[in-house]
Each structure stands twice: as structure tokens, then as C-alpha cells.
Amino acid sequence: MHLPAHIKLGDSLVLLSGCLCTVWLAALLWQGGAADKAVIRSGGKVFRELPLNHDTEISVPGPLGTSIIAIRNRQARIISDPSPRQYCVRQGWLKNAGEVAICLPNEISVELTGGEKKYDSLNY
Amino acid sequence: MTASTTEKIGGGKRGKGKGENPSSILLSATAEDHHIARLAAVALGLTVLEAAIPSPLPGVKPGLANIVVLIVLARYGWRAAAWVSLLRVVAGSLLMGSFLAPGFFLSLTGAVCSLVALALSMHLPRRWFGAITHSVFAAYAHIAGQMLIVYLWLIPHTGIAYLLPVFGAAALVFGTVNGIIAMRFMDETTIHHRDTETQRNAKT
């Protein structure tokens, strides 16, 4: 059994990079920012929790009117909102866990959860 | 259409009567054809053997037949390896009863992608890269092609990406093992070959 003689330098480099590639794939796809749920809050209370793997649109009532939230391709965004400055609408699609869009005047927020949060500074 | 078939039948009868049929097509197989067929048969045997091994996940298979393909690639070149690999896929699917089923197209895609990877990796400098490198690259190409077909055709959902690390790890492990087996096999046969040659030389 003289196994090491078979494995040439290039072979071992290929194997090493293969191992790194696999670990990187696992880290990227299993733990990283992939979100699986959107938590919609209205007036500080959880209005609904939606899974991201079904494309839907939902209307959420608030003090100023209704906001419309869409889920598509594992991403979520606020399509329309009666708030004057439209900050939450202009924030666009939310992709990673921990990302939040808040429509303060209408007291509505969308937060993506699941996996690891990229940052946790948006607590109140 | 009918005229030609009746003519053929008539011709066949006539041929039978005389014991010789001048209009019959004779496929003459060269020695190389026989050789490739023999190697493909070995690969086929390994395919059937492998089908008996239970797999935790559809798609995770050792791919033992690729040991034969690797040896053929090193010994007789890419063309022979492609013949053996594709013959194995077609004949294997006929044996398993999966000809033209989704599984057949998956294994065909895997075989074609592997052959492309082998065609590229065989040009790497021999001094540093051996059958293990070829095998690992072929295994990765195999699973990458299959995942692409699965995504585009069978399961168009990004959720299958969660399985990528499992398939990647399996490709790495089985690719390495197959490469080592192919390498050892080639070493042993060359040693054996050398031994018989020296024996022959000693006798004369």
C-alpha cells in the first residue's frame, strides 16, 4: 500500500480546493443570509408571518390606509404605502435575513427572518 | 414504401434459398470496435453492480463505471473513452429499463459533461496532475450538468440549491476514490505487463 506515491502535487491541490469549495458552498447555502420567512408587523404587533417560497401579495391595514406587500423569488418588498415620504417603498426588495423595511407613519414593517441575521442594530 | 418492403422480404427469401444475400448490409467490426465493446461491457457490469447499492439520496452514486472510463482515457485516448462512456449510458439504461426516462437523460448529461471535463483536464501537465484530478473534475462536471438539467427541466425551484453541498462533497469523495482505484489498477497492470515482458526476455 504505497498510496501517497499516487497523489501528485497538482492532485492534492485539486483535492484541497475541492474541500474548500465544498465548505464554502455549505457556509453560503446552509447558514448564510438566506431568509425563509417574512414577518409583517402592524402597529407593533405581528400581523402575519409569510413563508418566502410562495409568491403572494398581501394588503395590510394601518392608521393612514392600506400598504401592499409582495413576496416574489424569495424576496419581499412593500409595493405601495400611504406614507408621505415613501422611504419603505423606495427601499426595494429585501433579500437577506435581518433586513427590514419600516413605514413609520403607517406603523407597518416587514422583516425577513431565518438563518443568521447579518446585523442586529435595528432593535427598538 | 410498401413496394420496397415487399422487395426486401422477397430479397431475403431469395437470399435464404441460395444461402447468400447480395443486398444484405454487412457490418464489419474492427479489432478496435471489439476492444471498445469489451471495455464498455466491463463498465456496464459495474453499472449493474452499483444499482444494487442503496443510496441515501437519488443522485449520490459512486460511479464505479467511471474507473473504466478513466483507464480507457489514459490508455487509448479521449475518443475511446467517449465511446465507452456513452455506450455504457445507453446500454445501461436498456438493462435498467430507464431508456428515454428522465434518469436516462440525467445520466447522459452527466456523461457528456464529464467527457468535456476530461477532454479539458487531460491536457494538464502529466507531471503534476494524474487520474485523481481527472476523476474529481469529471465528477464535479457530472453533478453540475445534472443539477442544471434538474433545475431547468424537472424541479425549477431554487430550493434544490440546499442540496449542492451534499452533492459537491459526494462528487469530491467518489471522484477521489475512483481516481485512486483507476491509478492503482493502471500501476498494477503496467507492473504485471513489465513482469511478463521481462520473463519473456529472460526465456529467450
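Predicted model: local features only at pLDDT ≥ 70, side-chain atom pairs only at ≥ 80, totals over all residues.
I started with chain A, where an open sheet of three strands has the order 3-4-5 with antiparallel pairing. Two strands count as paired if DSSP finds at least two bridges between them. Strands here are DSSP runs (E, at least two residues) and helices are H or I runs of at least four, numbered from the N terminus. Strand 3 (56-61) and strand 5 (75-80) of chain A are at the edges with a single partner strand each, so one side of each has no neighbour in the sheet.

Residues are numbered from 1 along each chain as its sequence is written, chains are lettered from A and ligands numbered from 1 in the order in which they are written, and side-chain values use heavy atoms, with hydrogens and water left out.

**Chain A, strand by strand**

I went through the pairings next. Strand 3 of chain A pairs with strand 4 (residues 66-72) of chain A over six bridges, in the antiparallel sense. Thr56(A) sits opposite Ile71(A) of strand 4 there.

Strand 1 (residues 37-42) and strand 2 (residues 45-51) of chain A run antiparallel and are joined by six bridges, with Ser42(A) opposite Lys45(A). I found that these two strands form a hairpin with two residues between them, and that Gly43(A) in the turn has a positive phi of about 60 degrees. Strand 1 of chain A is also joined by six bridges to strand 7 (residues 108-113) of chain A, again antiparallel; Arg41(A) has Ser109(A) as its bridge partner in strand 7.

Of its 124 residues, 34% are buried. Buried means under 20% relative accessible area, exposed over 50% and partly exposed in between (1.4 Å probe, protein chains only).

**Chain B, a helix pair**

How do helix 4 and helix 5 of chain B lie relative to each other? They are roughly antiparallel, as their axes cross at roughly 170 degrees and come within 10 Å. Angles over 145 degrees count as roughly antiparallel; the axes are lines fitted to C-alpha atoms, for helices over the stretch in contact, with angles from 0 to 180 degrees between N-to-C directions. Among the residues that meet are Trp78(B) and Val89(B) in helix 4 and Phe104(B) and Leu115(B) in helix 5. By class, this contact has 13 nonpolar, three polar and no charged residues.

I picked out Ser114(B) in helix 5 of chain B. It counts as buried because its relative accessibility is 8%. Ser114(B) touches (heavy atoms within 4.5 Å) Ala138(B), Ala141(B) and His142(B), leaving out residues up to four places away in sequence.

**Cores**

The largest nonpolar core has 25 residues, and Val68(B), Val72(B), Val84(B), Leu118(B) and Ala182(B) have the most contacts inside it. A core here is a set of buried Ala, Val, Leu, Ile, Met, Phe, Trp, Tyr and Cys residues joined through side-chain atoms within 4.5 Å. Helix 3 of chain B gives the most to this core, with eight residues. A second, separate core of 20 residues includes Ile58(A) and Leu112(A).

Conventions. Parallel < 35°, antiparallel > 145°, perpendicular 65-115°, else oblique. Nonpolar A, V, L, I, M, F, W, Y, C, P; charged D, E, K, R; others polar.
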